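I opened this notebook to keep track of what I looked up in one structure, going from the whole chain down to a single residue.

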Amino acid sequence: MIQISRSTNDLTGKINLTASKSESNRVLIIQALCPENFEIQNLAKAKDTQTMIELLAQDHSSYDVGPAGTTMRFMTAYLASQAGKESTITGSERMKQRPIGILVDALRSMGAQIEYLEN
């Protein structure tokens, strides 16, 4: 269901999403990027989503995503968009072995300065 209305330059609406961790993490990143806060309902109860909520609430320079692959990719892109902020992302031993090179290459091509501290 999509309900959208417009009476001024502001666009308002309501979008009902399924409670998947992928959609939940995407909407959390969108919320973090928006200057105005908006309510989110029906978030996934997945550990990846809970980790995303916790990390976005922090204002640190180091972020540990644990074993959450979706969170690792989304946080990498989100933090790369934060001008003037230097951050470190880490995760579980298995997470450190998962490929992320394509994402890093894409972010670098858009101006992000990313370096690997490990493999």
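The entries below begin with the source of the model and then turn to its make-up.

I note that this is a predicted model, in which local features need pLDDT of at least 70 and side-chain atom pairs count only at pLDDT 80 or more, while totals for chains, interfaces and linings use all residues. Residues are numbered from 1 along each chain as its sequence is written, and side-chain values use heavy atoms, with hydrogens and water left out.

I looked up the secondary structure and found five helices and four strands, where helices (H or I, at least four residues) and strands (E, at least two) are DSSP runs numbered from the N terminus. Along the sequence they come in the pattern β-β-α-α-β-α-β-α-α.

For the extent, I read that the C-alpha trace spans about 50 × 30 × 25 Å along its principal axes.

I then checked burial, and 25% of the 119 residues count as buried, a term that means under 20% relative accessible area, with exposed over 50% and partly exposed in between (1.4 Å probe, protein chains only).

For contacts (heavy atoms within 4.5 Å), I took those between residues at least 6 apart in sequence, and 46% of them join residues at least 24 apart.

Last, I turned to R94, which sits in helix α4, residues 93-97. Is R94 buried or exposed? I record R94 as exposed because its relative accessibility is 53%. From R94 to N16 I noted 34 Å in space, C-alpha to C-alpha, and 78 residues in sequence.
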